[in-house]
Amino acid sequence: MVKVNNLRNGNLNRNNLVYRQLSSKNIQEVYDLFEGNSAFFSLPFDYFKKGTLDDDGIDFDLSLILYEIEKDKPIAGLLIAIRKISEEKKGFIKAFVVDKNYRRQGIGTLIFDELLKRAKGKGLNQIIYGPAVPNYWQPGVDIRNTSLYFFLKKYRFKSHRAIFNLTVSLDLIKNKPPLKKEGYKYERVQPEDFDMLYDFVKQQFPNNTWAAEVKFSFNFNPPTTFIAKDTNNNMVGWATHSQFYPGSFGPTGVKESLRGKGIGTILFLWCLWDIKQKGLHTSEIMWVDGNTIKFYSKVSGAYISPIFYPMYKKIR
Ligand SMILES: CC(C)(COP(=O)(O)OP(=O)(O)OC[C@H]1O[C@@H](n2cnc3c(N)ncnc32)[C@H](O)[C@@H]1OP(=O)(O)O)[C@@H](O)C(=O)NCCC(=O)NCCS
């Protein structure tokens with residue numbers, strides 16, 4: 001427990017504030033804080049836990065949960081995971097929120113100054129509000145989140161590009177997709193194929209964390225990944241959903257030599273079908289680039305929304 005000593009302004013009594021570490025004991029109230037105060041994002045509790053206590057990169061000293069002692073409740077929180085990327089240690093902020101009733105009183109500033117102070121002792125090169133792959137929720141600051149965007153700008157965070165998610169209405173999905181088409185068969189991945197799929201993803205996409213992301217979907221019952229095989233039972237493609245949060249789509253991929261044959265479309269439709277069976281009305285396709293946006297738009301009427309800015313700050 002660390003006492004708070006330097007509240008800049010506002011009416012709060014600084015002696016009444018304390019940092020407490022995130023743990024299995026307080027995770028429910030920390031979840032309630034984030035869930036109740038995030039304007040454009042919502043997660044079920046089990047996904048919140050998966051992205052915090054179950055994320056082996058989460059840093060419990062840098063993840064700051066600020067409590068008002070008198071009320072014995074958290075009023076602000078910042079969640080951060082450390083990832084090592086090409087020998088550099090980077091701190092990824094996964095979420096940051098101040099309770100609505102406590103905003104614009106310097107609480108965010110207080111927490112951030114504490115974060116920067118503690119980050120120095122951790123050997124971090126950079127702090128990023130962005131995609132903490134393979135275990136992340138959002139690839140940056142949702143630009144509708146105006147207060148957060150300007151808050152980070154005040155701290156001289158920079159942003160060089162936008163990342164697009166796409167939204168798809170599931171009203172369009174009326175029929176179950178085919179189990180077989182043009183020599184390829186489609187099915188939900190089963191445990192006996194987990195290793196083959198993991199190796200396939202690693203081999204096809206060696207330069208990113210997709211294999212690890214797909215592997216997370218094996219923990220769901222039933223698994224939320226669909227695969228395509230050829231007549232010799234060789235893996236030719238896969239698509240994963242609800243790995244980041246319910247209704248999220250991705251990652252997906254088809255063997256390079258077989259692209260353009262409609263395999264990716266059917267895998268995508270299987271995921272949308274499966275999401276719809278869970279009672280959701282929309283799916284969000286994660287982190288889509290240039291021409292791929294056109295593909296999804298053509299196949300499913302997907303449109304760009306929401307838009308994120310990954311924001312970066314170097315630490316000296
Ligand atoms: C961003 C946030 C954490 C800032 O916390 P805060 O305690 O209100 O911030 P502070 O009082 O320390 O303000 C610091 C600076 O942030 C910026 N800022 C804060 N609120 C702002 C707003 N509504 N509009 C524009 N800038 C804002 C300003 O630059 C401000 O400095 P100033 O007072 O000198 O102008 C808080 O507004 C918040 O929780 N927003 C919603 C975040 C959210 O939805 N997260 C969900 C994703 S996880």
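The model is a predicted one, in which local features need pLDDT of at least 70 and side-chain atom pairs count only at pLDDT 80 or more, while totals for chains, interfaces and linings use all residues. Residues are numbered from 1 along each chain as its sequence is written, and side-chain values use heavy atoms, with hydrogens and water left out.

Asn37 belongs to helix H1, which spans residues 27-37; helices (H or I, at least four residues) and strands (E, at least two) are DSSP runs numbered from the N terminus. With a relative accessible area of 10%, Asn37 is buried, a label given under 20%, whereas exposed means over 50% and partly exposed lies in between (1.4 Å probe, protein chains only). Once its neighbours within four places in sequence are set aside, Asn37 is in contact with Val97, Val98, Asp99, Lys100 and Arg103, contact meaning heavy atoms within 4.5 Å. Asp32 is also found in helix H1, but Asp32 is partly exposed, at 42% relative accessibility. From Asp32 to Arg144 the C-alpha to C-alpha distance is 21 Å, across a separation of 112 residues in sequence.

### Ligand surroundings

There are 21 residues around the ligand, and those that come nearest are Val98, Arg104, Gly108, Thr109 and Lys154; a residue counts as near if one of its heavy atoms lies within 4 Å.

| Residue | Ligand atom | Distance |
|---|---|---|
| Arg103 | oxygen | 3.2 Å |
| Thr109 | oxygen | 2.5 Å |
| Ser147 | nitrogen | 3.1 Å |

On its own the ligand has 940 Å² of accessible area, of which the protein covers 81%; such areas come from the Shrake-Rupley method with a 1.4 Å probe, and for residues only the protein chains shown count as cover.

Arg104, one of the residues that come nearest to the ligand, sits in the loop between S5 and helix H3 (107-120). Although Arg104 is not a glycine, its phi is positive, at about 60°, and its relative accessibility of 85% classes Arg104 as exposed. Glu87 likewise has a positive phi, near 70°, in a residue other than glycine; Glu87 lies in the loop between strand S4 (73-85) and strand S5 (88-98) and is exposed, with a relative accessible area of 70%.

### The nine-stranded sheet

Nine strands make up an open sheet of mixed pairing, in the order S7-S15-S8-S14-S13-S12-S11-S10-S9, with two strands counted as paired if DSSP finds at least two bridges between them. At the edges stand strand S7 (141-142) and strand S9 (180-181), each of which pairs on one side only. S7 is joined to strand S15 (residues 303-309) by two bridges in an antiparallel arrangement, and here Val141 stands opposite Tyr309.

S8 is mostly covered, as five of its seven residues are buried. With S15, S8 pairs in the antiparallel sense over four bridges, Thr167 standing opposite Tyr303; with S14, S8 again runs antiparallel, joined by five bridges, and Leu166 stands opposite Ile285.

Two helices lie across strands of this sheet. Helix H7 (residues 263-277) lies across S8 (163-169), S9, S10 (184-188), S11 (225-229), S12 (235-241), S13 (248-254) and S14 (282-288), and runs at about 30° to S12. Helix H8 (residues 290-300) lies across S8, S13, S14 and S15, running at about 160° to S14. Axes here are lines fitted to C-alpha atoms, for helices over the stretch in contact, and angles run from 0 to 180 degrees between N-to-C directions.

### Cis peptide bonds

Val133 and Pro134 are joined by a cis peptide bond with omega of about 5°, and Pro134 is placed in the loop between strand S6 (126-129) and S7. Another cis peptide bond joins Gly250 and Pro251, with omega of about -5°; Pro251 has its place in strand S13.

Key
A polar contact is a pair of N or O atoms within 3.5 Å; within protein, one must be able to donate a hydrogen and the other to accept it, and residues adjacent in sequence count only if both atoms are side-chain atoms.
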